[in-house]
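Student: I have a structure to read. Can we go through it together?

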Amino acid sequence: MAKLLEAINLKKYFKTPKGTLHAVDGVSFSIEAGKTLGVVGESGCGKSTLGRVLIHLLDRTDGKILFEGQDISDLNKQQLKEVRQNMQMIFQDPFASLNPRQSVSEIIAEPLQIYNRIPSKADLEKQVFSLMDTVGLARRLANSYPHELDGGRRQRIGVARALALNPKFIVCDEPVSALDVSIQAQILNLMQDLQEERDLTYLFITHNLSVVKHISDDILVMYLGKVVEFASDEEIFEHRLHPYTKALLAAVPLPVYQPGRKRERQLLQGELSSPINPKPGCRFASRCPYAKERCLTEEPPLVEEMPGHFVACHYTKEINNL
């Protein structure tokens with residue numbers, strides 16, 4: 001299947017009073033059309049920054065972004081407006097991402113008005129109602145305001161707004177983390193249904209590994225701006241190879257009690273390395289139980305240790321007896 005989006009050595013640095021913060025540092029990956037790439041890691045690892053750089057909400061520091069084979073790294077204002085029709089975002093906070101002064105119908109209609117897709121007021125109203133039906137919002141809520149609705153309905157507004165221009169690619173920045181568990185399931189099921197109906201491609205950002213297993217085709221694990229492991233979802237959960245990925249998955253609670261099954265807990269110890277002016281070597285070394293002297297001085301490259309399974313660790317084979 002053809003690649004829809006590709007990132008090549010993508011970097012995003014921020015200047016701070018204490019130095020340069022390496023939020024995204026040399027990240028490379030690709031997403032096939034119609035697939036979902038899950039991006040996981042602790043808070044502060046650069047997941048959300050990566051998503052915002054991909055759709056140009058933040059300017060990259062270095063690297064390339066390819067969309068449908070075309071380099072969209074450097075775009076002028078008009079070119080960016082054209083590309084944005086095919087690249088949208090669903091934000092983490094369904095309240096902060098909506099304009100409190102606009103009604104539900106006005107929020108959903110705004111992208112269509114900006115691009116002058118539907119000049120007729122009657123046709124615009126019809127399209128807004130159609131989008132509300134698609135995401136499961138009752139039409140009676142068209143004149144309601146965000147503060148009058150619960151979190152689930154607010155996020156459905158965000159989904160409808162993202163769908164308004166019929167995009168090909170959507171960045172989902174922890175779209176269910178602020179919602180109750182029962183509502184999370186509804187939104188996830190809605191997003192999967194929409195993906196099948198509209199052949200959407202997702203970059204799904206989350207820190208919840210249970211969620212990412214449910215929705216993703218491939219999983220990319222980040223740690224302090226770096227990719228430490230990349231593979232299919234089945235491969236990651238069955239044969240995780242990086243010590244950080246092992247620790248993340250060991251923290252996932254079992255949904256059903258299984259008598260006799262013992263789980264090995266892997267508690268990470270040590271100080272978290274600073275992403276500001278990072279030192280040479282592996283950024284996970286200070287917390288890794290397998291770290292050796294080489295890890296402190298030499299950064300591990302992302303290597304294909306198994307077919308389609310990439311890991312950034314000097315001692316992958318020794319740790320996993322490959």
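Tutor: Start with serine 144, which is found in the loop between α4 and α5. Helices (H or I, at least four residues) and strands (E, at least two) are DSSP runs, numbered from the N terminus. This is a predicted model: local features need pLDDT of at least 70, side-chain atom pairs count only at pLDDT 80 or more, and totals for chains, interfaces and linings use all residues. Residues are numbered from 1 along each chain as its sequence is written, and side-chain values use heavy atoms, with hydrogens and water left out.

Student: Is serine 144 buried or exposed?

Tutor: Buried means under 20% relative accessible area, exposed over 50%, partly exposed in between (1.4 Å probe, protein chains only). Serine 144 has a relative accessible area of 14%, so serine 144 is buried.

Student: Which residues is serine 144 in contact with, leaving aside its neighbours within four places in sequence?

Tutor: Contact means heavy atoms within 4.5 Å. With those neighbours left aside, the residues are Ser103, Val104 and Leu149.

Student: How many disulfides does the count come to?

Tutor: A disulfide is a pair of cysteine sulfur atoms within 2.5 Å. The sulfur of cysteine 282 is 6.1 Å from the closest cysteine sulfur, in cysteine 295, so that is too far for a bond. By the rule, the count is 0 disulfides.
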